[in-house]
Amino acid sequence: MIENSMFEEEPDVLDLAKETPAYPLDPDDMVYEPRSSRLLVRGLGENDMDEEEEDYESSARLLGMSFMNRSSSLRPSASPYARQEQSSSCTMPSNRTLLLGVFVLVVVASVAMVIYFLPKCTLTKEGCHTVNTSMELIYPRATNGELFPWTSLRLPVYVQPVHYDLLIHPNLTTMTFQGTVSITIDVLNDTKNVILHSSGLQITNVTVQDKEVKKLEYQPWQQIALKFPEDLKKGQTYVLTMEYSANLSNSYSGFYNSSYVDKGGNKRVLAATQFEPLAARKAFPCFDEPALKATFLIKIKRETGYISLSNMPKVLLTVLNAVLDEFEKSVRMSTYLVAFIVANFTQINQIASDTLVSVYAVPDKVDQLDYALGCAVKLLKFYNTLFGIKFPLKKLDLVAIPDFLAGAMENWGLITFRERTLLVGNHSSLMDKQVVASVIAHELAHQWFGNLVTMKWWNDLWLNEGFATYMEYTSVEKVFPELEIGNDFLSMRFKSLAEDSLNSSRPISTEVATPEQVEEMFDSVSYEKGASTLLMLSSTLTEEKFYKGVSEYLEKYRNMNTDNEDLWNSFPQEEYNVVDMMNTWTLQKGFPLVTVNRTGAQVSVSQEHFLLKVNKTAKSSDLWHIPLTYVNDSCSTSPNCTQLFLLKDKTATFKVPKNVKWMKFNFRNNGFYIVNYGEEGWRALIEAVKENHEVLTPEDRASLINNLFALSRLGKLSFKQVMNLLVYLEHENHTAPLTEALYQLDRIYRLLDKRQDLLASSMKNYILNLFVDKMNSQSWEQDLPLSKQELRSALLEVACRYGQKNCTDRAEHVFLQWVASNGTERIPGDLMKVVFSVGAQSNAGWEMLLQTYTHSIVDADRRKMLAALASSQDVRKVLLQESLQGSYVKTQELPLILHTVCRNFAGHLYAWDFVKENWGKITQKFPIGSFAIQDIIMSTTSYFSTERLLWEVENFFRSRRDKSSKMRCVHEAMETIALNIQWMDSNLETLRKNL
Ligand code: BES
Ligand code: ZN
């Protein structure tokens, strides 16, 4: 048992971040101001002062009492995580203390007087600048040394952009671009300054109504200020014009360059944008906040031989020395949704409900576009009807970009994708198609949730991402039933529950200010918990009422911005108080554990926070409004069987017929909670399932398995009780329960394996025994329905990774046939990864795969080859360096490679060393806080389970000079390791006895 209290004792990472300076001021920019240095350090502006925040504790945190700043002299042997003793004893002060106290008082009083009588002055490196008002004392220094007239990361509200005219000219030879932007603004209050965003742009000329204007820049906040000699007047409209130039970015955001090698071996270049969340400012000066919507008229200059695309249809083409494309004026939209591309792509298209839908890719891959086009057309029609609002643009482009970091991006009318998420070959498996369909479903849903109606600020990002994720699953379920997405939705909910059971989790709506915090919002809470809570609401209200509310919400707020309450208020409040209910799910972190106790007809239920605790004393008195659904032995598999009880208090009771034998709560796991049935309840349920598992739906069986494992992690049940239920798996053949059991057991195996614990092999044998018949009976040739493919690939991936001979022999056989056919023999898509991974273990196999990888143009297959190459037990071959350099493996694949390398014992420490050694380069490519960084940190550390490694991880991030130590995922990583250690301490003995 480790004595680790950091997760309860330390401030929540997000609270902590709130209280640190929004952007620590660069020493060079700092105004050394004697009176309110705290304000200065915190970067607070006049509007941001909050009395409640001004407590001693927060300054103490700033002064380094957070664990991130603790002395690095701590060593593991000295238990770096031991609670720091707090002396609370009350004793009489000694004379020396009294004297010291008087001295301190005198010093404080003198300093106060000096400050009071000093001429008002701001000390900078250059000396004392006399300034007029006290507010200016906290202004930062602009690049040219003058005071920058704004002190907040958020832009002032009294200047509103109305329209942008943007002309962009990328030069794909010099990899630079030039731009001119004219922004029409409405002024709501008299002001001499206009503050807006700009990052990395050389602005050469600024005029307003044709008069030149002075510009100041404050780089840390990516802001510029235009200063006017006289007030801009309230109620007036002005036009700001700026000329500028910049380099096309080498990262994945802003206006960036991308390239690929065509069939003829020639390198081709292109330029594309990725603005969400904060990168529109890297392509043109703008008011880069989601609520500052405006219209855009975009013109692009390009060389012949390329095409250009933007959000709107093209209206004009002028040929001078280059070509000038002009696009229609856009609808009112947020800056992060603006997009443009200059490339030599080809396309296919089709009309769907008056919108011309086109899909684009590099010319060599044009025959991989059919599936995506079909999906987009079907889904567009589906959403038009479902939401009752027609997609407002006349065209919709979906474009696969060779270098792309996210999965896809919902730019209005110009959705961009990774090649992997848009393109599928003729022979691609249903699993590959499922990826394409669901990514399109997600991004198309954003055209309503996010584009038409946008969150006011990034704290409510979940309104975009949670909704799009919910729609992704529910629309694919309806429109493409053959893709059997239900299992994936269910396992996504299990994953989300697991992540939200940590103390380092956060509420769905979370305050954010800094760019890193905004990046961090793209996490499993916004996406997966967001989608899970929407599912809970829709199954409580009924789907019909849910979509009615949704349509009303979209109609009421179209072209506007919203927050949580606006959404909840759009649902009928009579039957359930939706606002109160949903606030309990979105404004507090975590979820409830419901404990059920039944004596005859009387059922008592109680709730508590399901919190995996590193320190057992952590307390939470949070309550949720839980729509508690249940079925019982008399009727259990149809939705009509379900009863609903709304549990709002800590405890409640209700009645059921006396003769009920067992009850299953949380029907199909549609609710976001875990249930403990108590000794008797579990016994009855397990017996029933063992007797005939079909008394419950497959989702409910998977739910029981998931809840048992969760309760054993919480220490409420022993691992033996889990094993007791798993016996029934012999009769199970549905994907959801089997893959859930396999995932949970394999997780434990991997933890043991990474410690080189002797129990690992017993665990492996236990798992193999449990699943051996199912593993051996899988076919290796046939195409199967999708859920059978998912089961087959999960079973065989584990079997072959465990070295089960039957599996490795069969895989090797298929691999050799594939090699003999020179890579032309078809392997079912779901089996490719396992076959290639076995093949990659020999030198010749690895070489052959690398060859094929470099030449193949089917990206879905290439990723499977890459994962296989990275699964090599020889760490010299795992391609980490190659990917970081972006040579023949693109840098965007680094998270995938790390993920794969960490699965092996051989690779996992190597991967962690690699991350540590290359942290600087990694964070240059992937922004701090971004999903890629979260993924890299979690996949390299989440299977650690020793004090030594916990210490290493903490120490590594603590000593970074960047902002990485503030990331929530760093806390999550450390908490996960500490919990792993704790789990080992309390379960190894049981495992030893029972395996
Ligand atoms: N809006 C996001 C893209 C994005 C992600 C922008 C992170 C900025 C930061 C897009 O809608 C999205 O969610 N993409 C997903 C894929 C999707 C199918 C779940 C992604 O990139 O992972
Ligand atoms: Zn999204």
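1. Phe546 counts as buried because its relative accessibility is 0%; buried means under 20% relative accessible area, exposed over 50% and partly exposed in between, with a 1.4 Å probe and protein chains only. Tyr547, with a relative accessible area of 9%, is buried.

2. This is a predicted model, in which local features need pLDDT of at least 70 and side-chain atom pairs count only at pLDDT 80 or more, while totals for chains, interfaces and linings use all residues. Residues are numbered from 1 along each chain as its sequence is written, chains are lettered from A and ligands numbered from 1 in the order in which they are written, and side-chain values use heavy atoms, with hydrogens and water left out.

3. Rings of Phe, Tyr and Trp (its six-membered ring) pair if their centres lie within 6.5 Å; planes under 30 degrees apart count as stacked, over 60 as edge-to-face and the rest as tilted. The count by this rule is 48 aromatic pairs. Phe546 and Tyr547 form an edge-to-face pair, because their ring centres are 5.3 Å apart and their planes stand at 75°. Phe956 and Phe957 are also paired edge-to-face, at 4.9 Å centre to centre and 75° between the planes.

4. Phe956 is buried, its relative accessible area being 7%, and Phe957 is buried at 1% relative accessibility. Both are among the buried residues of helix 30, as are Trp951, Glu952 and Arg958. Helices (H or I, at least four residues) and strands (E, at least two) are DSSP runs, numbered from the N terminus. Ten of the twelve residues of helix 30 are buried, so this helix is largely enclosed by the rest of the structure.

5. The expected span of a helix is 1.5 Å times one less than its number of residues. For helix 30 (residues 947-958) this gives 16 Å, in agreement with the 16 Å between its end C-alpha atoms.

6. Four strands form an open sheet in the order 29-26-25-31, with mixed pairing; two strands pair if DSSP finds at least two bridges between them. Strand 29 (651-655) and strand 31 (674-676) are at the edges with a single partner strand each, so one side of each has no neighbour in the sheet. Strand 25 (residues 592-599) and strand 31 run parallel and are joined by three bridges. Val594 has Val675 of strand 31 as its bridge partner.

7. A charge sits over a ring if NZ of Lys or CZ of Arg is within 6 Å of the ring centre and within 35 degrees of the ring normal. Arg493 lies over the face of Phe489, 4.7 Å from the ring centre. The charged end of Lys754 is placed over the ring of Tyr943, at 4.9 Å from its centre.
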